[in-house]
Structure formats: structure tokens, C-alpha cells
Amino acid sequence: MALARFGRQAKRPYGVCVKMTAVAVLGMCFIFVWSMFSASPSAVTSQRSSFGDINEPVPGSTGVGSSRTGLKKNEPEKTELSGGSNKVKFESDLEEKDEKKLDGSVTLAANGNNSTNIDKKEEANEGKEGIDKENHGSEGSENKESEKEKEEGEVGGDDKEEAVDREGEANEDVDADGDWAVTVEEEPVGKVEEESGGSKSTGKKKKRNGPLFDLKAQYTWKLCSTRSKHNYIPCIDNESGTGRLQSYRHRERSCPRTPPMCLIPLPAKGYSSPVPWPESKLKVLYKNVAHPKLAAFIKTHSWVVESGEYLMFPQNQSEFKGGVFHYLESLEEMVPDIEWGKNIRVVLDIGCTDVSFGAFLLDKEVLTLSLGLKDDLVDLAQVALERGFPAVVSPFGTRRLPFPSGVFDAIHCGGCNIAWHSNGGKLLLEMNRILRPGGYFILSSKHDNIEDEEEMTSLTASICWNVLAHKTDEISEVGVKIYQKPESNDIYELRRKKNPPICKEDEKPDAAWYVPMKTCLHTIPAAIEERGTEWPEEWPKRLDTFPDWLENRDKLIADTEHWKAIVSKSYLTGMGIDWSNVHNILDMKSIYGGFAAALSDQKVWVMNVVPVHAPDTLPIIYERGLVGIYHDWCESFGTYPRSYDLLHADHMFSRLKNRCKQPVAIVVEMDRILRPGGWAIIRDKVEILDPLEGILRSMHWEIRMTFAQDKEGIMCAQKTLWRP
């Protein structure tokens with residue numbers, strides 16, 4: 001009403017004074033309101049001065065009005081040396097009272113830095129040294145299939161590991177029960193303090209320099225509740241969606257959006273220590289590998305027999321009629337140039353059945369890696385691992401297998417029933433990619449389909465594979481064909497039809513992690529300095545013979561001597577490990593295979609993992625006659641629970657830096673793939689081993705030994721039977 005009266009008076013001739021009065025009143029009101037809601041000068045000064053103290057990205061808060069002022073770096077707890085010795089007392093900071101429960105899985109200090117939930121993007125121009133972009137990373141050609149993040153960051157260390165990374169697939173909408181479903185997003189830092197004292201605006205998030213594990217975290221665990229129960233493989237088993245699913249397994253590798261933060265239960269009838277090697281070749285404890293489909297499978301196959309609490313594997317019994325001895329003898333007669341254990345050392349067996357093929361070749365010093373396709377629901381690859389034979393689980397549909405090009409001396413497909421000619425022959429072209437030039441492809445089948453046979457003949461001719469022998473054995477009733485891959489590119493030029501075409505130069509043959517299969521032929525190396533121009537030396541000379549194409553020969557020699565000394569003087573004698581119960585070993589961050597080479601005289605086999613963010617050294621490992629695989633430890637590994645007797649991690653966590661959103665999930669994955677009673681040897685910085693010990697203790701692992709010197713440490717831990 002007062003404003004209306006002022007308006008009417010303003011229209012009158014004497015309304016000038018009224019107008020001035022109104023303007024003055026409104027101005028004073030504006031000043032009063034502005035002074036009430038604006039920050040004080042001291043508060044602004046405090047906020048600006050705090051930017052220089054931010055050494056970590058600021059975790060987001062669930063509160064709307066949370067402040068980001070005055071944050072300081074959470075320094076790792078110092079490790080004290082007692083009495084001047086090198087022994088270290090690790091004290092985990094796990095007794096903070098100010099804590100917050102998240103989904104019943106993890107307890108975090110409310111004011112702590114959430115190092116496990118940071119979705120970071122580092123400066124794109126950092127960490128470019130030592131990057132081998134031709135290796136096993138994704139080429140980014142599959143973005144339509146799944147949501148993927150690519151990170152570029154700085155990866156420190158002497159190895160100058162590659163900093164172009166990719167996070168795992170994020171196409172799972174529903175996580176398995178027991179997963180840590182709470183994520184705390186990082187707020188972007190809008191200003192960064194410069195050395196001159198000023199600030200500059202940036203649209204990127206500030207790089208995180210803090211500890212890998214949250215020093216103020218407490219952990220409580222619960223069992224995973226999944227359809228696969230005690231056999232759960234997170235990136236392969238289909239646990240999403242509602243209602244009845246048509247398949248337990250994904251057709252391609254597909255990881256949960258959030259890594260599992262729950263522990264895998266033990267088998268329903270309990271779990272006991274596996275039968276030791278070499279007795280495990282002939283029998284295993286049935287309850288350790290029990291599966292409903294396996295029970296039905298046993299009744300229809302003679303090579304596996306249930307006998308009391310054991311599954312027995314009668315010697316010389318196999319899927320091949322007449323026995324595996326006769327089958328292998330016929331192969332040697334067909335192609336005398338195949339000398340098992342000499343020029344043929346590393347073999348890939350497609351389709352894991354009874355593994356009798358690889359079991360027999362092991363006695364001839366041939367290392368056969370069985371590829372479990374995980375589509376038969378019988379879980380035969382798990383039986384192979386329980387028996388002590390190398391095996392890995394992977395889909396085989398549209399993406400490349402996680403191996404380098406030209407590394408297998410021979411590939412065997414015994415009754416694997418794969419339609420090699422379908423989809424433009426992509427599957428066979430993938431075999432051509434990973435087969436060594438001059439290598440052998442052995443294909444056997446019981447029932448030949450004339451139409452399929454013709455298409456297979458046409459396809460192998462188009463890629464210039466030479467048919468060395470073709471025979472149908474009267475005893476085994478199996479038709480066997482042995483092909484050989486060309487050793488030079490000359491024969492490709494003689495093809496009348498250039499189909500499939502030669503791959504383009506930018507089609508990197510070693511790129512294998514989440515890379516789709518190509519319908520093209522990669523050229524065969526021709527220059528002497530290229531890998532693949534010469535066949536490796538015979539085994540065992542091959543292990544310590546370094547090829548001409550290897551540039552860093554001195555580093556490889558030093559790495560070999562380094563691990564020989566550590567294994568002989570420390571691992572075999574000073575850890576308290578019962579090596580008679582160790583056979584399946586996983587080296588989680590291998591470089592040149594030196595750790596595996598140092599154990600070559602032991603009755604063990606080692607799966608060498610080359611992380612996807614590291615320089616591509618996996619071809620060197622295969623060249624030495626060892627086996628390995630590419631993997632990103634931000635995701636679950638392609639194997640069954642309780643697969644390995646010993647895990648070895650040499651500076652794996654420190655090299656990961658903050659690539660993974662939840663680094664604790666890597667420890668959960670270690671618990672999944674390690675057998676109860678199994679061992680873990682972890683070498684890393686003391687600031688990482690300290691909180692890591694607390695995490696392992698929360699899982700009721702027993703810490704057997706800790707040792708530190710000059711901020712570097714080693715820890716030996718043993719997993720127990722405890723489950724929450």
C-alpha cells in the first residue's frame with residue numbers, strides 16, 4: 001500500500017522529492033540485504049589461502065553446505081624401526097572413532113579421504129615417458145558396446161609404466177548382492193594455486209597424490225549373494241537384471257559397475273586343502289569343485305569317476321577313444337617335425353575338457369594353457385585348475401583373446417565344436433593372430449559335416465595355411481588335420497582373391513584388451529629386428545636365450561639374476577612357506593618373467609600377468625617359453641575362486657597409483673582367487689603395506705612375516721578358512 005501511495009504521489013508535479021526518497025529507501029534496503037548474505041572478508045581470505053594446502057582431490061560430501069576450506073594432505077603413518085634393525089612394526093590406523101557405515105560392507109572415517117571412490121582424470125600431458133602404445137590397451141574402437149573411461153595419468157617408478165589406461169566396462173546396471181554400492185564423487189577443483197601466488201582456472205580435476213588406501217578406514221565383510229554362489233566370476237557370470245535369465249554367463253566380458261566388496265562363500269559341503277601335486281593329476285576332492293552340472297556330466301564320461309570323496313581320473317583315459325597316448329603318437333607320425341618339449345614348448349588348448357592332452361604333454365616339458373570358454377556350465381576349467389594344470393577362463397566371441405600376436409607354438413582344438421568359418425572367419429583369424437609364424441594348428445573332430453568341411457577348407461586356403469597332414473584314425477574314430485601358418489608374406493601376394501585383406505598399418509596386432517576381432521590378415525614380421533622372424537631356441541635353452549630383436553637385453557639379464565637371488569635366498573627358505581603344497585602360482589605384475597624363470601626347477605607353474613597400463617613385455621615372456629596374459633587389476637581376473645596356491649605382487653599397488661576407483665576391491669579379488677591356506681607375497685612401499693596389513697587382518701588372514709628397509713617392505717600373508 002505504501003509503495004502504491006508513493007507511485008500516485010510521484011505522478012504529481014511536486015513528486016520529485018518523493019522519487020528521491022523512494023530511491024534512497026530502496027538503496028538502503030539493498031545494502032542491508034547484501035551485507036547479510038555475503039561472506040565476510042576474513043572468510044574469503046581464509047578460503048583462498050587454503051588452496052595451497054590441498055594436496056588431494058576433495059571428496060564430495062553428502063551434505064549440501066559442506067566446506068572445502070582448510071583441507072590438508074593425509075600423510076601416511078610413519079613406520080618405526082625398532083632397535084636399529086630392519087624389522088618393521090606395522091600399525092594400522094583402524095581404531096578411529098569418528099566413522100560412518102556404508103552398506104554394511106565398509107566403515108570409513110567420516111573426515112577421512114575417500115581414496116577408494118575417486119573418479120579421477122589427470123593432466124593429459126603428464127606421464128608420457130616410456131609408453132608403448134602398441135601394446136595390449138584398447139584402441140577405442142568399441143565405444144558403442146559399453147561405457148568405458150580412458151584415463152591419462154602419471155605412473156611413476158623405474159619402469160616408466162604406461163599411463164594411458166581404461167577403466168573396466170560399466171554396462172551393468174545392477175550389482176551383485178554384497179557389492180559396495182555407495183560411491184562418493186569428487187568435486188572438481190576450480191582453482192589451482194600458482195607459484196606466483198595467483199590462481200588460474202581449470203576445467204579439470206586436481207590430481208590425487210595421497211595414499212592408495214584410506215588410512216582411517218575400517219572394514220567389515222559379508223558373503224556375496226550371487227547365482228553362481230561359491231563359483232562366482234564377477235566379469236563373466238551374469239548377475240544383473242530381474243526374473244529368470246536365459247544364461248548365467250555373458251557372451252563377452254562384462255564387469256559390474258561397482259567392483260564386488262563381498263567375500264565368496266566356500267562350497268556348500270565345505271572345503272579342504274587340495275590334493276598335493278603330483279597326486280592331484282589322478283584325483284581331486286569332489287567337494288572342492290562340486291557343481292550340479294558336473295554331477296550329471298560325470299555319469300556320461302569315462303575319463304572321470306566318482307569314488308568316495310574323490311574324483312578319479314584313470315590314467316590314459318580321455319575324450320579320445322583309444323586314449324591320449326595313442327592320439328599323440330598319431331600326431332607325431334603325421335608330422336615328424338613336431339618335437340614336443342623341444343621346438344614345441346607353449347601350446348594353447350581351446351575348449352577345456354579333460355585336459356588329458358595338456359597333462360600328457362606336461363611330462364614332455366610342454367606348457368599347455370587350457371582356455372575354458374565358460375559356456376558349457378560344467379566348469380571343467382575349475383577341475384583342471386584343481387588338478388594343477390594351467391587354465392584361464394575367457395569368452396571367445398567377438399573380442400580378441402588377451403594374448404599378444406604370434407606367441408603360441410601350436411594351438412589345439414580337440415572336438416571343441418567351434419564354427420570357425422562363421423562371421424567371416426573371425427575366430428580362425430584370431431587364431432592366426434596369436435599363432436607363431438610357422439606354428440601349427442591341430443584340429444580334430446569326430447563327425448565331419450561336408451558343408452562345414454568345405455567352408456573350412458576355403459577359409460584356411462584364403463589365409464594361406466598349409467595342410468601338412470589329414471588322417472582319420474581307425475581306433476579313435478577322429479579326423480585330424482594339422483595346418484601350418486606361413487613364415488613369410490610372399491604367399492599372401494600370390495592369392496588371386498585378396499579376401500580377407502591385409503590389415504592396415506594402424507591395426508596393431510598386439511592390442512588385445514577389449515579390442516574387437518578383425519577380419520584381416522596381419523603381415524608376418526620380415527626384418528631381423530622384428531619379433532617373429534626366427535623360431536625360438538629349443539627348451540630349456542630357450543629360457544635363458546635372449547633374441548636379437550630384444551632391445552633391453554641387459555635389463556632382462558639383470559631381472560633374471562635379481563629374481564634368482566631373491567627366490568633362492570629368501571622365498572624358498574626364509575618365508576616359512578610349505579612349497580610342497582604350492583603348485584599354481586599367479587605373478588600379478590610380471591615384467592620379463594624373471595620370477596617364473598627362477599622357479600623353473602620347482603614343481604610349479606606360473607601365470608604371468610602383464611597389467612594393461614604397463615609396457616608390453618608379455619611377448620618376451622612367451623619367447624622364453626613361459627605363459628602369461630594381459631589384465632587390468634581394476635577388474636576381476638578371469639578365473640574361478642580358489643584357483644591359486646600363491647599370489648606374488650611386486651610393487652603392483654604402488655604402480656597402480658589411483659587408477660582404480662576402489663583399490664580395496666583388488667584385495668577382495670586376491671581373496672577370491674587364492675585358496676584357503678594359500679600364500680601371498682607382497683613387495684611394496686611401507687606406506688602401502690601398513691594399511692594393507694589392516695585390510696588383510698580384517699579378512700582374518702594371518703600375517704606370517706613383515707620386513708622393511710629404506711621405506712621398502714615385504715609382507716608374507718596366509719589366507720584362512722574364515723568366512724563372515
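**Cavities, rings and a covered helix**

The largest cavity holds about 240 Å³ of space. The model is predicted: local features need pLDDT of at least 70, side-chain atom pairs count only at pLDDT 80 or more, and totals for chains, interfaces and linings use all residues. Residues are numbered from 1 along each chain as its sequence is written, and side-chain values use heavy atoms, with hydrogens and water left out.

A cavity here is a set of points, on a 1 Å grid over the protein atoms alone, where a 1.4 Å probe fits but cannot get out; lining residues have an atom within 4 Å of a point. Grid points are joined across faces, edges and corners, and a volume is the space filled by probe spheres set on the points. There are 11 cavities of 30 Å³ or more in the structure. The lining of the largest cavity consists of 19 residues, and Arg-253, Ser-394, Pro-395, Pro-402 and Trp-513 lie nearest its centre. By class, this lining has 12 nonpolar, 3 polar and 4 charged residues. Nonpolar covers Ala, Val, Leu, Ile, Met, Phe, Trp, Tyr, Cys and Pro; charged covers Asp, Glu, Lys and Arg; the others, Gly among them, are polar. At least two lining residues come from each of strands E15 (391-393) and E22 (627-631), and E22 gives the largest share, 3 residues.

The chain has 16 helices and 26 strands. These are DSSP runs numbered from the N terminus: helices (H or I) have at least four residues, strands (E) at least two. Of the chain's 724 residues, 53% count as buried, where buried means under 20% relative accessible area, exposed over 50%, and partly exposed in between (1.4 Å probe, protein chains only).

Next come the aromatic rings. The structure holds 21 aromatic pairs. Rings of Phe, Tyr and Trp (its six-membered ring) pair if their centres lie within 6.5 Å; planes under 30 degrees apart are stacked, over 60 edge-to-face, and the rest tilted. Trp-303 and Phe-313 form a stacked pair, 6.2 Å centre to centre with 20 degrees between the planes. Trp-303 is in the loop between helix H4 (292-298) and strand E11 (305-307), and Phe-313, 10 residues apart from it, is in the loop between strand E12 (310-312) and helix H5 (324-334). Trp-303 is buried, at a relative accessible area of 5%. Another pair, Phe-325 and Phe-360, is tilted because its planes stand at 55 degrees, with the centres 4.8 Å apart. This pair joins helix H5 to helix H6 (residues 356-362) across 35 residues. Phe-325 is partly exposed, at 30% relative accessibility. Elsewhere, ring pairs link Phe-396, Trp-420, Phe-441, Trp-465 and Tyr-483 into a cluster.

Helix H15 (residues 664-673) is mostly covered, with 10 of its 10 residues buried. Contact means heavy atoms within 4.5 Å. The buried residues of H15 pack against several elements, including strand E23 (644-650), strand E24 (674-685) and helix H16 (686-698).

The last stop is Met-715, in strand E26 (residues 712-718). Met-715 has 0% relative accessibility and so counts as buried. Leaving aside neighbours within four places in sequence, Met-715 is in contact with residues including Ala-680, Ile-681, Leu-689 and Met-705. Val-686 is 29 residues from Met-715 in sequence and 9.7 Å away in space, C-alpha to C-alpha. Over the chain, 71% of contacts between residues at least 6 apart in sequence join residues at least 24 apart.

Technical notes:
On a 1 Å grid over the protein atoms alone, a cavity is a set of points where a 1.4 Å probe fits but cannot get out, and a pocket is an open set with protein on both sides within 12 Å along at least five of seven lines; lining residues have an atom within 4 Å of a point.
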